[in-house]
Amino acid sequence: MADALPIMFQGTHSDAGKSVIATAFCRIFAQDGWKTAPFKSQNMSLNSYVTPDGREIGRAQGIQAEAAGVAARAEMNPILIKPSREHESQIVVLGKPYATMQAFAYRNEFFHQGLAVIRQSLETLMNEYDRLVIEGAGSPAEVNLNDRELVNMRIARLANAPVVLIGDIERGGVFASLVGTLALLEPADRKRVVGVIINKFRGDAALLKPGLDWFEQYTGVPVLGVVPYLPDLAIDAEDSLALERFAASSDDERAIDIAVIRCPKIANFTDIDPLLAEPDCRVRLVTHAGELGEPDVVVLPGSKNTIEDLMYMKQRGLASGIVSLVNDGKTTVVGLCGGYQMLGAVICDPHGVETPFPEMKGLGLLPIETTLEQTKTTVRSEGVLTWAGERFAVRGYEIHMGRSTPLPGYAPLIEIGGRGEGAKRGDERVLGTYVHDLFHNDAFRTAFFNAIRREKGLAVSGVRLFHSLKERAFDRLAAHIRQHVAIERIEQIIRQFQQRTVG
């Protein structure tokens, strides 16, 4: 296509570690002086990212761009699929909503159009960058889907990229999954696989050595690295599978208890990542009233289907449980985006954007009512948040298809460009906003939790700079991969690969 040297990471299954290893290589190439771009042709995720020009892409590609030190752009993830209902998803093309489609229609009606968008995006990036770090999705061995797939080997062929296959040893059966994947590839595609990386290893490397030798002899494919499991990595996750890292143990006695409501359509859950930066905070995922307890803070994250998730909360006793906690003065509730909408009096859906239900009563904890609209707001925002008598400069991003209007007693949480945004109750025990990354704002987050610490008689904390934690995490990840993966050999491979014809 053009000048950039590409490399592609594919996995034996979802959550094998493709995103994290691709992020590491974005950082490594940038450290080595190459202008680097991430690329994922098609991403299915409810965790998204707003680019500087107001386009929506997968969160992983936005974070990978940050790791590479470049601005994120829509071409880095030209197609984003956001599941909304059973067998139905919103299709985002080049950062803007295109249509809501069922899986069969998407596969049969959108394929050629999607391929054209992907090809153009790939060409644009290849022309403007030195290196392209391409991420696949799921597995390239989905034989029932490969005739019309848009994210694995077809993209490797378009970019003429060598492929490194990643296997997750933590789940067991890593050699079977690697060998099975290679066996199911078409011969020409199998030749693209220049090596494998075994990820998330725990234990004695000497015990693994016989398996590595056997694998290389049996397949003829080299093992380019065995990556030990890296705990406590403060980098945004893409897949909801990663939420399990928030599953606090029952004997966790950290002083501040935070319950995060996990609904089926939870979205942009990286809003709660900075809570991990607070060492005295215990973060729990809660799915029914019996798990709620008496937390200091309840967080209602965003949702791709607010009405269905609100119904889920009501059916499981979570809605009434949260209202009781607030009325008893025991808990502070923070609602973000869809969670903010749920805190209001009512959510109306006159156009059937989410469900056939024209309206649904909310929790009634904030004086707002919300109407779901057919157009989506995607914008980066910054303003001034007023809380506990102080004013805090905050910034974040908005992704929503609803408009919330004030009711009597309304007080805004944030002032953005002369308009009120979000809402808060008079006693400031309930806060809500459309602005994601609220807790990423260090001064506000510190003041918010210090107020709870004072109530509980705990020592207050100094400001922890979450952005610095993330930058250090990128460097820590890159150093970890450099230590355990044959980087120089991969560098040689990607240079040599362009000089030969595959298949």
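## Terms and overall form

Helices and strands are here DSSP runs, helices of at least four residues and strands of at least two, numbered from the N terminus. On that basis, the protein chain of this predicted model comes to 14 helices and 26 strands.

The chain has 503 residues, for which a compact globule would have a radius of gyration near 23 Å, and the 23 Å found for the protein chain agrees with this. Along the principal axes, the C-alpha atoms fill a box of roughly 70 × 50 × 40 Å. Of the 503 residues, 59% count as buried, and among contacts with a separation of 6 or more, 74% are made by residues 24 or more positions apart.

Gly 17 lies in the loop that runs between β1 (5-11) and α1. Its relative accessible area is 11%, and because buried means under 20%, Gly 17 is classed as buried.

When neighbours within four places in sequence are left aside, the contacts of Gly 17 are with Ile 166 and Asn 199.

## Helix α1

Helix α1 covers residues 18-31, and its 14 residues reach 20 Å from the first C-alpha to the last, close to the 20 Å expected at 1.5 Å a residue. Because 11 of these 14 residues are buried, α1 is largely enclosed by the rest of the structure.

After the helix comes Gly 33, which has a positive phi, near 95 degrees.

## Packing of α6 and α8

Two packed helices are described by the angle between their axes and the distance between the axes. For helix α6 (residues 174-184) and helix α8 (residues 205-219), the angle is about 10 degrees and the axes are 11 Å apart. Since angles under 35 degrees count as roughly parallel, α6 and α8 are therefore described as roughly parallel to each other.

On the α6 side, the contact is made by Phe 175, Leu 178, Val 179 and Leu 182, which meet Leu 208, Gly 211, Leu 212, Trp 214, Phe 215, Tyr 218 and Thr 219 in α8. By class, this contact holds nine nonpolar and two polar residues, with no charged residues. In general, an α-helix has 3.6 residues a turn, so residues three or four places apart point the same way.

Note on methods:
Residues are numbered from 1 along each chain as its sequence is written. This is a predicted model: local features need pLDDT of at least 70, side-chain atom pairs count only at pLDDT 80 or more; totals for chains, interfaces and linings use all residues. Side-chain values use heavy atoms; hydrogens and water are left out. The expected span of a helix is 1.5 Å times one less than its number of residues. Buried means under 20% relative accessible area, exposed over 50%, partly exposed in between (1.4 Å probe, protein chains only). Axes are lines fitted to C-alpha atoms, for helices over the stretch in contact, and angles run from 0 to 180 degrees between N-to-C directions. Angles under 35 degrees count as roughly parallel, over 145 as roughly antiparallel, 65 to 115 as roughly perpendicular and the rest as oblique. Contact means heavy atoms within 4.5 Å. Ala, Val, Leu, Ile, Met, Phe, Trp, Tyr, Cys and Pro count as nonpolar, Asp, Glu, Lys and Arg as charged, and the others, Gly among them, as polar. The radius of gyration is taken over C-alpha atoms; the globule rule is 2.2 Å times the number of residues to the power 0.38.
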